[in-house]
Structures are given as structure tokens and as C-alpha cells.
Amino acid sequence: MSNAETEMIHRILIIDDNPSIHKDFQTILIDEEESTILNELRSEVFGNKTNDNIPKSVYELDFASQGKEGCEKIKQACSEDHPYELVFVDMRMPPGWDGLKTIEHIWQTDPKVQVVICTAYSDYSWGEITERFGRSENLLILKKPFDSAEVAQLASALTEKWVLARKASLKMDQLEQMVKERTEKQTELLIKVDNINKELKDFASIVSHDLKAPLRGIKSLATWILDDCSDKLTEQGKEQMNLLLGRVERMYNLIDAVLQYSRIGRTEEKTVQVNLNDFVPELIDMLVPPENVSITIENTMPVTECAETHIMQLFQNLLSNAIKYMDKPQGQIKIGCVEEDCFWKFSINDNGPGIEEKHSENIFKMFQTLSVSEESEGTGVGLTIAKKIVELYGGKIWVESKIGSGSTFFFTLPKQEMGVINAKLEANIAN
């Protein structure tokens with residue numbers, strides 16, 4: 001290992017009006033660097049290691065005879081980005097500033113430098129000093145006449161302390177810069193995402209308008225032909241025209257479904273407390289299920305906190321699917337809910353045709369349908385919307401099914417401690 005790698009150069013400033021004191025520091029910190037005293041100190045600090053592996057402190061001393069002169073040196077050192085690590089300051093330096101006034105000016109320029117007051121007199125008590133400077137960890141007192149070992153120990157410990165504090169400060173600055181850069185980058189990304197969402201919203205609206213306009217024309221024309229030319233059409237022709245109208249209606253529904261899917265999570269929805277004991281029965285009435293399909297609520301529903309439109313879409317899509325694909329003369333759909341850890345676990349069970357296990361994941365993908373007839377053909381978006389809504393609230397959705405026996409769709413929503421506690425909150429509940 002080279003000398004450069006084992007040596008650490010520390011800058012120390014001595015401010016004292018007595019030239020003999022300057023010489024004493026020179027002798028202790030420079031001339032006696034390899035003395036027995038320092039070797040013993042190194043052994044105490046680093047243990048019994050060979051001297052070749054012990055980092056040696058090399059001191060670069062500078063001197064000033066008055067406080068004002070010392071402060072000028074401090075300013076110059078800081079301006080050159082080569083600051084002092086430690087300053088020994090004499091308390092009495094007539095006719096200029098005393099030690100305390102000198103320290104005040106030093107810390108105005110460089111508040112991080114370590115300072116040792118050297119004094120043989122009790123000009124100020126420690127209480128008066130701390131009252132003036134506060135309880136600073138960068139200030140110590142050395143009584144004169146001082147012992148060589150004390151000076152050497154102070155120089156070693158305080159310069160090392162300064163080095164460690166500087167490294168910590170530089171590391172903190174680096175971390176703060178990294179956080180700043182990442183925050184700025186994240187802000188830029190959020191702005192980009194926001195702009196993309198706005199563009200998608202505009203694009204979806206434009207596409208919806210542009211696609212629906214020709215569909216309206218086709219529907220109007222087909223309806224006009226059926227109304228005004230029905231006597232000239234064969235039965236096959238009428239069937240084809242009705243099929244065309246059905247396709248137009250399906251295309252309308254598909255466009256609306258895609259728009260609904262694109263809006264989930266991108267538009268701000270007001271979060272309210274929804275009492276599902278009232279909400280779900282009303283939704284069932286809105287769906288107007290056929291007479292051969294009965295929908296029952298098996299147990300008490302919770303009050304949950306969400307956007308009303310989201311919970312409506314979720315139940316509506318799952319119940320509509322169960323009604324649409326019912327193949328039994330007497331259809332039964334059962335809605336249930338149980339507590340499971342921090343979630344409400346909902347279930348919608350039907351006795352319909354069932355779903356093959358190989359399709360249990362694909363059905364939640366966009367445009368995936370398992371239609372068995374023209375009458376029950378769907379858009380392939382309803383379950384995708386349901387999945388997106390559930391995941392938006394941190395839940396999950398899945399299906400368990402057996403061919404011929406029916407299916408049960410499960411989904412979870414986070415459980416909150418609900419309950420109406422005042423009239424203001426009650427007014428915000430969607431019944």
C-alpha cells in the first residue's frame with residue numbers, strides 16, 4: 001500500500017497571539033508525529049496492528065495571531081473549497097477580538113468547522129459559553145498548560161469527526177439529488193400519463209361518434225325498408241333485414257361497452273357509502289329478469305364505500321350474464337356475501353349451462369364470449385369491465401363452474417367500518 005493511500009492530510013488552524021504556542025502545536029502535531037505518544041494512541045484506537053496498515057493522520061498547520069486574521073484565513077479557505085477541519089482558538093488575544101467573538105465570526109463563515117477553546121483563565125463559565133453559542137457539538141475547551149497527549153488526541157478525534165460528518169453530508173446531498181431527480185422524472189411521467197388519458201378520452205369520444213353515425217344511417221334505412229317495402233320483401237328478405245337490425249344494435253352495444261371500459265379508472269367518480277341491502281334489489285328490478293328466472297339475496301349485504309356507478313356496473317354485468325345465458329326452464333340466481341379477513345367476499349351463483357375450466361380465465365379478457373346461440377350473443381366486454389372495477393378497488397374476481405350444473409362468480413371488495421353516524425353522512429349514502 002502506498003503512502004498516499006495510508007496518509008490522510010488534515011488542515012488545522014491555530015489562532016493565538018503567543019508565537020511560542022504556535023511552536024508547541026508544531027512540535028506536538030508535526031515534529032512528534034512518529035513519537036511514542038502518538039504510536040500508543042494509534043494502538044489504543046486501532047488495536048495491535050502493524051503500523052503499515054494503520055491510516056496515518058498528517059496535519060497541515062496554519063497560524064494566525066489575532067481573531068480577525070484567523071477569520072480571514074477561514075474565509076479564504078472556504079472560497080478555495082479547501083476548508084479547515086479544526087481550529088484551536090486562544091481565549092485572550094489583546095488588543096483584538098477575544099476567543100468567543102472570534103468563534104462567532106468563524107461559525108458565521110463556516111458553521112461545520114470543529115473548534116477548541118484554549119485558555120488558562122476562567123474568563124467565561126461553561127454556562128455562559130453555552131448560553132452564547134447554544135449546546136454545540138462542535139465546541140470543546142482545552143485548559144492551559146495542555147498536555148501533549150490531550151492535544152494529539154483532540155486533533156485526531158475531531159479531524160476524523162469532521163471527515164465523517166463531511167462524508168455523511170455529501171452522501172445526504174447525493175441522496176437528496178437522487179430523490180429530486182426521481183421526483184421530477186415521476187412528475188414528468190404523471191403529466192405524460194395524464195395527457196395520454198386525455199387524448200384517449202377524446203379519441204374514444206370521436207371514435208364513438210364516427211362509428212355510431214353510419215350505424216344510425218344503416219338502422220334508419222333498414223327500418224324504412226321494412227316499414228315501406230314489407231309487401232315487396234320475401235320472408236327470407238325480411239329475416240335478413242331483421243338480422244341486419246340486430247347486428248346494428250349489437251354494434252351499438254359493443255361501442256358503448258368499450259367506452260365504459262375505457263372510462264373506468266380514468267374519470268373521477270365520487271366515492272359514497274352504498275347500502276347494498278337497498279341497492280341490489282333496486283338493481284334487480286331495473287334488469288327486469290324473465291318470469292322463469294328468480295333472483296334471491298341469500299344473506300344480509302354490507303354497506304361498502306365505492307363509486308355508485310362502479311358497483312352498479314359490477315352487479316349489473318354479472319347478473320345480466322347469468323340471466324342471458326340461462327338454459328334451464330326454471331332459472332335460479334343466488335346472491336351471497338360473507339366476511340373474509342379484510343374483505344367482503346361476494347358470490348353470484350346460477351344453475352345455468354356452466355363454463356369449462358379451460359375458459360375460466362379467458363372469459364375475463366376483452367371480446368371473449370362463450371355464446372351458444374344467436375339470441376344470447378354478447379359483446380365480450382361485460383366481464384372485462386367487472387374485472388377492471390374489482391381490481392381498481394384492490395379486490396379479485398374468479399369463477400368456479402361445472403358443465404351442466406351452473407357457475408358461481410366470486411369477487412372481493414375491501415371491507416371498511418361503515419355505519420351511518422350522523423345526518424350529514426347519511427345524506428351522502430346512495431340507497
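**Note on the predicted model: loops, helices and cores**

1. Pro329 sits in the loop between H10 and strand S9 (331-340). Here helices (H or I, at least four residues) and strands (E, at least two) are DSSP runs, numbered from the N terminus. Pro329 counts as exposed because its relative accessibility is 66%; buried means under 20% relative accessible area, exposed over 50%, and partly exposed in between (1.4 Å probe, protein chains only). Pro329 and Val293 are 36 residues apart in sequence, and their C-alpha atoms are 8.2 Å apart in space.

2. The basis of the values is as follows. This is a predicted model, in which local features need pLDDT of at least 70 and side-chain atom pairs count only at pLDDT 80 or more, while totals for chains, interfaces and linings use all residues. Residues are numbered from 1 along each chain as its sequence is written, and side-chain values use heavy atoms, with hydrogens and water left out.

3. The chain contains 12 helices and 12 strands. Of its 431 residues, 36% count as buried. The accessible surface comes to about 25700 Å², and carbon and sulfur atoms account for 52% of it; accessible areas come from the Shrake-Rupley method with a 1.4 Å probe, and for residues only the protein chains shown count as cover. Taking contacts between residues at least 6 apart in sequence, 74% join residues at least 24 apart, where contact means heavy atoms within 4.5 Å.

4. The largest nonpolar core has 39 residues, and the members that touch the most others are Leu276, Ile311, Phe315, Leu318, Ile333, Phe346 and Phe411. Helix H10 (residues 308-324) gives the most to this core, with 7 residues. A nonpolar core is a set of buried Ala, Val, Leu, Ile, Met, Phe, Trp, Tyr and Cys residues joined through side-chain atoms within 4.5 Å. Apart from this core lies another, of 21 residues, including Ala64, Ala77, Val87 and Ile129. In soluble globular proteins, nonpolar side chains tend to be buried together.

5. Leaving aside neighbours within four places in sequence, Leu318 is in contact with Ile348, Leu383, Ala386, Ile397, Phe409 and Phe411.

6. Helix H4 (residues 67-79) has 13 residues, which at 1.5 Å a residue should span 18 Å; its end C-alpha atoms are 18 Å apart, in agreement. The expected span is 1.5 Å times one less than the number of residues. Gly67, Gly70, Cys71, Ile74 and Ala77 are the buried residues of H4. Seen down the axis of H4, these buried residues fall within an arc of 120°, so they line one face of the helix; the arc is that of the directions from the helix axis to the C-beta atoms. On the other side of H4, Lys68 and Ser79 are exposed.

7. In helix H5 (99-109), the buried residues are Gly99, Leu100, Thr102, Ile103, Ile106 and Trp107. Seen down the axis of H5, its buried residues fall within an arc of 155°, so they too line one face of the helix. At the start of H5, a side-chain oxygen of Asp98 reaches to within 3.3 Å of the backbone nitrogen of Leu100.

8. Asp90 belongs to strand S3 (residues 86-90) and counts as buried because its relative accessibility is 6%. The side chains of Asp90 and Lys144 are joined by a polar contact of 3.0 Å. A polar contact is a pair of N or O atoms within 3.5 Å; within protein, one must be able to donate a hydrogen and the other to accept it, and residues adjacent in sequence count only if both atoms are side-chain atoms. Beyond neighbours within four places in sequence, Asp90 is in contact with Ile15, Asp16, Asp17, Gly99, Cys118 and Lys144.

9. Some backbone values deserve a check. Most residues other than glycine have a negative phi, and most peptide bonds are trans. A cis peptide bond joins Pro94 and Pro95, with omega about 5°; Pro95 is in the loop between S3 and H5. The peptide bond from Lys144 to Pro145 is also cis, with omega near -10°, and Pro145 is placed in the loop between strand S5 (139-143) and helix H7 (148-228).

10. Asp81 has a positive phi of about 55° although it is not a glycine. Asp81 is in the loop between H4 and S3 and is exposed, at 59% relative accessibility. Asp341, in the loop between S9 and strand S10 (343-350), has a positive phi near 55° and is exposed, with a relative accessible area of 68%.
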